[in-house]
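Visitor: I have a structure open and want to learn how to read it. Can we go feature by feature?

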Amino acid sequence: SGPVTEWTFANGVVVSHQETDITEGSVDVRLESTGGWSTLDGVGAGIAGLAVGAVLGSGVGPHDAATLERFLERHDVGLGAEILEHEERVAGVAATDDAAVLFQLLHLTMTRPRVDDVAFRAALRQAETLARRADSDADLRAQIALVDLLTGTDPRYDDVVPVAALDDIDPRSLRDVFTARFGAVDDLHVAIVGDLDQATARELAARYLGTLPPGPSDTWVDLGIPRPDGPRSAEVELVDDTADGGIIVVDWLEAPPSEEREVAAALLATVITTRITAVIREELGASYGGFASIELARAGPSALVSVIRVDGDPTRLDEIRSALFDALAALATEGPTDEELSLIHI
């Protein structure tokens, strides 16, 4: 891999580039800025997700969804976005030969988004389906219960938009939500990594990112939702004869961001996932699988946030929980084994 080069453009966009042959023939572009839906009155996670889905399902600028789809059929390009509580992100990937197309699409999506009628109706149908599943789908109920534990049932954090609230949503309101977070830039940071030389990366970044309209400086807003001050738990009852069950454990540690913490978090998550597989699935035979994820939240209150999920036999959840906590306790006191460390590739 080559060195990391950084450019700052007049509109405030900061771009970091690294050429690497790890992803031969392709390039990844990630954009992040602080703010998120915490800055938007009356908007929470559900509406923010609805807005992103409607915009990305539509065309851009003067081109409707069908025209854009026909164009992209000839190119290897993918684009995604999300508006989180404290930040917004865009992620794009393309074949190296289609890097210019990716940057063009990024620019148009941020500066000239649209919500087509077909995409709007599809987004509403999906939201309505999700809302109607909320009472019957155990996995969805578990996610809602988890969010409620962490936020005190504040409705802004609910990914599910109530059916009654969907009547108040129109295409313009969703486009406005998207534009409010992506339409102008103030603290946008961009990473370009992949099989793209420095000269080309800088030219594309200057043309399509350095020309994004600047906006007023803003940052995330503290909504006043404190983290739980002690253990909290909830159970979701399964219907009879359900074959799949599971547990989700979330925790956090307040910590300022650093590269060392990010690396340590990624390594620890890999070790925990390995133990879930080796102990709970292979030795006990009680689990269908599981994973651990530990991420350092850079926007909002800085913290290491861990999520551990284990799926398994619903009649053996107590056994799974006990085995998981025993494995975590052993890891905390003894550290990872040499064998576990040997399985980690950096």
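Visitor: Is Ile276 buried or exposed?

Guide: Keep in mind that this is a predicted model. Check the relative accessible area; under 20% counts as buried. Ile276 has 2%, so Ile276 is buried.

Visitor: Where does Ile276 lie?

Guide: Ile276 lies in helix α8. Set aside its neighbours within four places in sequence. Ile276 is then in contact with Arg281, Gly290, Phe291, Ile308, Arg309, Val310 and Leu324.

Visitor: At what angle do α8 and α9 pack?

Guide: Compare the directions of the two axes. Helix α8 (residues 259-283) and helix α9 (residues 317-334) pack at about 135°. Their axes are 10 Å apart. That angle makes α8 oblique to α9. Their crossing is right-handed.

Visitor: Which residues in α8 meet α9?

Guide: On the α8 side they are Leu268, Val271, Ile272, Arg275, Ile276 and Ile280. They meet Ile320, Ala323, Leu324, Ala327, Leu328, Ala330 and Leu331 in α9. Sort the residues of this contact by type: 12 are nonpolar, none is polar and 1 is charged.

Visitor: Where is His86 found?

Guide: His86 sits in the loop between β4 (77-83) and β5 (87-95). Apply the accessibility test again. His86 has 14% relative accessibility, so His86 counts as buried.

Visitor: With which side chain does the side chain of His86 make a polar contact?

Guide: With that of Glu85, at 3.2 Å. Beyond its neighbours within four places in sequence, His86 has contacts including Thr34, Ser38, Trp220 and Pro301.

How values were computed:
Residues numbered from 1 in each chain as written. Predicted model: local features only at pLDDT ≥ 70, side-chain atom pairs only at ≥ 80, totals over all residues. Heavy atoms only, no water. Axes fitted to C-alpha atoms, helices over the stretch in contact; angles between N-to-C directions. Helix = DSSP H or I, 4+ residues; strand = E, 2+ residues; numbered from the N terminus. Parallel < 35°, antiparallel > 145°, perpendicular 65-115°, else oblique. Left-handed = near helix turned anticlockwise from the far one by under 90°. Contact = heavy atoms within 4.5 Å. Nonpolar A, V, L, I, M, F, W, Y, C, P; charged D, E, K, R; others polar. Buried < 20%, exposed > 50% of the residue type's maximum accessible area, 1.4 Å probe, protein only. Polar contact = N/O pair within 3.5 Å; in protein donor to acceptor, adjacent residues only side chain to side chain.
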